[in-house]
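Here is a short report on one annotated site. Look over the sequence and the structure, then read on.

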Amino acid sequence: MKPPSHIAPNVFIERILTLELVRVTERAAVAAARLRGRGDEKAADQAAVDAMRRELNRLGIDGTVVIGEGERDKAPMLFIGERVGNGSGPKVDIAVDPLEGTTLCAKDMPGSIAVMAMAEGGTLLAAPDVYMNKIAVGPGYPTGVVDLDASATDNIHALAKAKGVAPSEITTLILDRPRHHDLIAEVRATGAAVRLISDGDIAGVIYTTDPARTGIDLYLGIGAAPEGVIAAGALRCIGGQMQGRLVLDTEEKRERALGMGVKDPNKKYDVGELASGDVIVAATGVTDSALTAGVKFGPEVIETETVVYRSATGTVRKIAAEHREWAKFHLD
């Protein structure tokens, strides 16, 4: 199907696909939520992957997965390079994390989401499945207020000055990993607070978009590169800032990155280079978090909550849905 001549491609994508994208993440979230607290990360992740893939292939798109569960030999479904959709619509890039926070879901802890991004074809960075060093802040600050190449100390002082507060009023979110031991110590030495998370890299970056609600001003540290691209898509939608650099510390990683089009292994990407063009990001809660409520199962209704970001219009939508048919037929 081609858009009518009087409808611009971006508008056509929004009108036809935004709510359909929500349906994709809703299905994945419900499928994973059925396995909350069961202690089986792989089963929950697979359930989310299967549900997301089924819904994606019902969409009127010609999609290519540029951020997926991994390379083809490591991911039987939603692998990088996989074609999705029924092929009838616009060419789009797809970035997915069917279950971010698999451990959180398996332990029924806060912060697990089903998330994906869709963008015009060729506009999402095809990041290899490696680490990325990241820094992110929300909207409302001067361009370049923080910089990946500056020290944590300098970044916190610069952000505090821009916000008009003391460094002690800044809260930084960091993944709780041994590799961040020195980073955590440096941040705390400035007087700033550190909130540690065990998982949830995408949500962690997105938390910076609404400090009044989440309490997070700054994201720092090394996390997964694919998740960085998805998070960058959300930040672009509301004017946040992010920089990232791939951690290509072996020849094998550099070769993989080169094969995916990364010519400069030391390049510092800004948010617009990670996710350019028209980007739509949808995230549905699996468990409760500061971002969304988790899935709620009732005898006749399944409730979901999804947040949707779109860069072309700068809109953020919160969609609370009640699914009666899903509850009736126990669909996942």
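Start with D97. Leaving aside neighbours within four places in sequence, D97 is in contact with E69, I113, A114, V115, I202, E227 and I230. Keep in mind that this is a predicted model.

**The annotated site**

The UniProt annotation "binding site", from an unreviewed entry, covers D97, E100 and E227. These residues are spread over 131 residues of sequence, yet they cluster in space, with a largest C-alpha distance of 8.8 Å. The lining of the largest pocket includes D97, E100 and E227.

D97 lies in strand β3, which runs over residues 91-100. E100 is placed in strand β3 too. Are they buried or exposed? The table gives the values.

| Residue | Relative accessible area | Class |
|---|---|---|
| D97 | 8% | buried |
| E100 | 3% | buried |

The cut-off explains the class: buried means under 20% relative accessible area. D97 counts as buried because its relative accessibility is 8%. E100, at 3%, is buried as well.

**Around E100**

What does E100 touch, not counting residues up to four places away in sequence? The list is G111, S112, I113, G200, D201, I202, A203 and E227.

Definitions and conventions:
Residues are numbered from 1 along each chain as its sequence is written. This is a predicted model: local features need pLDDT of at least 70, side-chain atom pairs count only at pLDDT 80 or more; totals for chains, interfaces and linings use all residues. Side-chain values use heavy atoms; hydrogens and water are left out. UniProt positions are given in the numbering used here, feature names are shortened, and annotations may be inferred rather than shown by experiment. On a 1 Å grid over the protein atoms alone, a cavity is a set of points where a 1.4 Å probe fits but cannot get out, and a pocket is an open set with protein on both sides within 12 Å along at least five of seven lines; lining residues have an atom within 4 Å of a point. Helices (H or I, at least four residues) and strands (E, at least two) are DSSP runs, numbered from the N terminus. Buried means under 20% relative accessible area, exposed over 50%, partly exposed in between (1.4 Å probe, protein chains only). Contact means heavy atoms within 4.5 Å.
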